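Here is a short report for a first look. Please keep the sequence and the 3D view open while reading.

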Amino acid sequence: MAQEKFDNNYHQNSSLRSKVNDLFNPYNFNAKPFLKWAGGKTQLINVFRSFYPEALTEGKITDYFEPFLGSGAVFFDIAQKYSIQRAYLYDINKDLILTYLVIQQRVGILIEFLKVIEKEYLKLDDSQRTSYYYRQRDNFNSQKAQMDYSQFSDNWIHRAALFIFLNRTCYNGLYRVNSEGNFNSPVGKYKNPSICDEDNLLAVSKVLAIAELKMGDFSTILSDLKNKNSSFVYFDPPYRPISKTSNFTNYNGNRFDDKQQKLLSAVFSALDKSGVFVMLSNSDPKNTNPNDTFFDDLYKDYNIFRVPAKRIINSVASKRGLINEIIVTNYQNSQWKKALKEIKQVMF
Ligand SMILES: C[S@@+](CC[C@H](N)C(=O)[O-])C[C@H]1O[C@@H](n2cnc3c(N)ncnc32)[C@H](O)[C@@H]1O
């Protein structure tokens, strides 16, 4: 209940403010994330805004970096609200970045492909849709062996269309691969899935005009950083599992374990030392184990905030509750106190 009240209040005020601002904002194309993605940040954007560096709102940030891009909710917010000049976007998932590159460079043909798929799919009944989904999933997997990810080519466009189709129609938009690297998420149950959102894809393509997209590890940032004092980096790594029983986060066959989290914190410190503004988020391990100080220890030299993220739905009443998200920053911001007070007032 408290969470609902918080969401509603926060949403109403901020979305009204944003709508008025957006009317006068030349960077706003109304582009939204075009994928469903595990750990997507759309629900948290209103809260996150209070934690962005003030240099961003003051127009002093020229370069934005998001090394764990996923569906890019924070990128779409920042690129359309503030006057950044360049965005550097990375993800280890090659097919994800391939899809962004196709939208950036060949959105018109991609839309034609998606329209055909959407038309074919929507006229089928449930069982035909299921067979269609698994046929396209097989095509996607067998196509992989022929893919050259190092060079843009026409077969990227078909692959991007399949990637979007599978994402919109699979179970919960879950991107899961087996030990051979083959995509193996089961079919989802949607009555009327939006497979080709033409207006949004065109808007996304426009926003991506300022972006440099790379298939790669988060450490790529160290070689790309040029304007240190006017750069802002947002890290949203795969979540550390919140309970011993929950599945280990596994994206693209890549385990993001505690060793990786520690390497990331070393990159965070290196960026901090060179004058870059850095923000990181993760789910709070204290949600399930109050004694787990993993992130408190790792980021003890920085500001750590805990903000309510979502409710845990559990059949056992005692296990229901709020999940906190951790936000770490290396800079001060006068908005925090106000934001945290607002959150507390509603929560407690
Ligand atoms: C929590 S998701 C990011 C979600 C994103 N903020 C959003 O709004 O959708 C984490 C992302 O990190 C990517 N990833 C995993 N390991 C990585 C690595 N070592 N380097 C770069 N990206 C990685 C995954 O493919 C996934 O897309």
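## A pair of strands

Tyr64 stands opposite Ala87, a residue of strand 2. This is a predicted model. Strand 1 covers residues 63–66 and pairs with strand 2. The pairing is parallel and runs over 4 bridges.

Is strand 2 enclosed or open? Of its 6 residues, 5 are buried, so strand 2 is largely enclosed by the rest of the structure.

## Around the ligand

Strand 2 (86–91) also takes part in the shell around the ligand, where it supplies at least two residues. Helix 4 (73–81) likewise supplies at least two.

Which residues come nearest to the ligand? There are 22 residues around it, and Gly39, Phe68, Gly70, Ser71 and Asp236 come nearest. By type, the shell has 11 nonpolar, 7 polar and 4 charged residues.

## Two crossing helices

Helix 5 spans residues 94–122, and helix 7 spans residues 155–169. Their axes come within 7 Å. They cross at roughly 85°, which means that helix 5 is roughly perpendicular to helix 7.

Which residues make the contact? Helix 5 brings Asp95, Leu98, Thr99, Val102, Arg106, Ile109, Leu110, Phe113, Leu114 and Ile117. Helix 7 brings Trp156, Ile157, His158, Arg159, Ala160, Ala161, Phe163, Ile164 and Phe165. The residues of this contact divide into 14 nonpolar, 2 polar and 3 charged.

Notes:
Residues are numbered from 1 along each chain as its sequence is written. This is a predicted model: local features need pLDDT of at least 70, side-chain atom pairs count only at pLDDT 80 or more; totals for chains, interfaces and linings use all residues. A residue is near a molecule or strand if its C-beta atom, placed from the backbone, lies within 6 Å of it. Ala, Val, Leu, Ile, Met, Phe, Trp, Tyr, Cys and Pro count as nonpolar, Asp, Glu, Lys and Arg as charged, and the others, Gly among them, as polar. Axes are lines fitted to C-alpha atoms, for helices over the stretch in contact, and angles run from 0 to 180 degrees between N-to-C directions. Angles under 35 degrees count as roughly parallel, over 145 as roughly antiparallel, 65 to 115 as roughly perpendicular and the rest as oblique. Two residues are in contact if their C-beta atoms, placed from the backbone, lie within 7 Å. A residue is buried if 20 or more other C-beta atoms lie within 10 Å of its own, exposed if 12 or fewer, and partly exposed in between; C-beta atoms are placed from the backbone. Two strands pair if DSSP finds at least two bridges between them.
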